[in-house]
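I opened my notebook to look through one structure, piece by piece.

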Amino acid sequence: MTSTPKTRVSIELVPRSRSGLRAELEVVAKHLPGIDTVNVPDLTRFSTRSWVGCSFARPRYRAIPHVRAVDLNPVEPLPMAETLEAAGIDEVLVITGDAPADMSARVYDVDAVRAIRRFRRELPHLRVYAGLDPYRQSFARERDYLERKLDAGACGFFTQPFFDLRLMDAFADLIPEGVEVWWGATTVTNDATLNYWRARNHAVFPRSFQPTLEWNRDFAARTLAFARERGHHAYFMPVRADVRAYLEGIV
């Protein structure tokens, strides 16, 4: 009889500043004892790269930096390799990445599949996750894209945040046995953020959705229960919301 894998719980923290990131990590440590992992997005408008931000979370937490494939120069060494090694970080999330708003920034014709293969070839000790986006294309196309990422060497997926358990359940059926999934939830607590998710990400909201902290807390709890039932993981993205107010008592 095989045991169900332990559910890990991650908090996604944006590195707006190094001092701000350290302060948020202290809040998490003091008030959210169920968090065991920190994941950090790589946002070009901020100076702190994701792998540097993740190094601040070590060794207290496991840490997963996001890596944008379009930033990886194919003929130069992977720029994060030394930092990952020094901090003892053994997991990364590889996404293709959007073109930067600043058109002077250099990007390359590298997609997530190609970047995953490169990480598996050059840093084979790393566990490499890929993205799952339920909103960007048809169900069948996303399924095929997931399969290509698995073939390239991905060990699992981080989803875009969901807002509907029924949609999560449908996508759960796409995931082969033994593949790790991090189910995501985020905070949408005003009409502007709601409109952003609908217009920019084409997110699907149930009729019951309300842009309130109470609704978001309830959905966070249900997301965590959903992940635990399946032996998967969960991550929470508190966008412009107080981390403690969002998750205290849930994780």
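**Ground rules**

I am reading a predicted model, in which local features need pLDDT of at least 70, side-chain atom pairs count only at pLDDT 80 or more, and totals for chains, interfaces and linings use all residues. Residues are numbered from 1 along each chain as its sequence is written, and side-chain values use heavy atoms, with hydrogens and water left out.

**Entry 1: the barrel**

I looked up the strands. Helices (H or I, at least four residues) and strands (E, at least two) are DSSP runs, numbered from the N terminus. Two strands pair if DSSP finds at least two bridges between them.

I found a closed barrel of eight strands, in the order β1-β2-β3-β4-β5-β6-β7-β8, with parallel pairing. From one strand to the next, the twist averages 25 degrees. That angle is taken between N-to-C directions on a scale from 0 to 180 degrees, with axes as lines fitted to C-alpha atoms.

**Entry 2**

I started at β1 (residues 9-12), which pairs with β2 (residues 37-40) in the parallel sense over three bridges. Here E12 stands opposite N39 of β2.

Next, β2 and β3 run parallel and are joined by four bridges. V40 sits opposite P65 in β3. Between these two strands the chain passes through helix α2 (residues 50-57), and this β-α-β crossover is right-handed. Right-handed means this: with the strands pointing away from the viewer, the path from the first strand over the helix to the second runs clockwise.

Is β3 enclosed or open? Six of the seven residues of β3 (residues 62-68) are buried, so the strand is largely enclosed by the rest of the structure. I count a residue as buried under 20% relative accessible area, as exposed over 50%, and as partly exposed in between (1.4 Å probe, protein chains only).

Three bridges join β3 to β4 (residues 91-95), and these strands run parallel. I noted two facing residues here: R68 stands opposite I95, and H66 has L93 as its bridge partner. With helix α3 (residues 81-87) between them, β3 and β4 make a right-handed β-α-β unit.

In β4, four of the five residues are buried, so this strand is largely enclosed too. Then β4 pairs with β5 in the parallel sense over four bridges. The bridge partner of E91 in β5 is R127.

**Entry 3: the rings**

I turned to the aromatic side chains. Rings of Phe, Tyr and Trp (its six-membered ring) pair if their centres lie within 6.5 Å; planes under 30 degrees apart count as stacked, over 60 as edge-to-face, and the rest as tilted.

How many aromatic pairs are there? The count comes to 17. One of them joins Y129 and F158, edge-to-face, at 5.6 Å centre to centre with 75 degrees between the planes. Y129 lies in β5 (residues 127-132) and F158 in β6 (residues 156-161), so the pair ties together parts 29 residues apart in sequence.

I checked both for burial. Y129 is buried at 0% relative accessible area. F158 is buried at 4%.

F158 also pairs with W182: their centres are 5.0 Å apart and their planes are at 10 degrees, so this pair is stacked. W182 is in β7 (residues 180-186), 24 residues from F158. W182 is buried, at 0% relative accessibility.

I also noted a cluster of linked ring pairs: F163, Y196, W197, F205, F209, W215 and F219.

**Entry 4: the core**

A nonpolar core is a set of buried Ala, Val, Leu, Ile, Met, Phe, Trp, Tyr and Cys residues joined through side-chain atoms within 4.5 Å. The largest one has 83 residues, and F119, W183, F236 and V251 touch the most other members. Helix α8 (residues 213-230) gives the largest share, six residues.

I followed V251. Leaving aside neighbours within four places in sequence, V251 is in contact (heavy atoms within 4.5 Å) with V9, L32, P33, G34, I35, L224 and F236.

**Entry 5: two single residues**

L78 is in the loop between β3 and α3. L78 is buried, at 7% relative accessibility. Not counting residues up to four places away, L78 touches L72, R118, F119, E122 and L123. From L78 to E122 is 44 residues in sequence and 8.6 Å in space, C-alpha to C-alpha.

R22 is in helix α1 (residues 18-31). At 45% relative accessibility, R22 is partly exposed.
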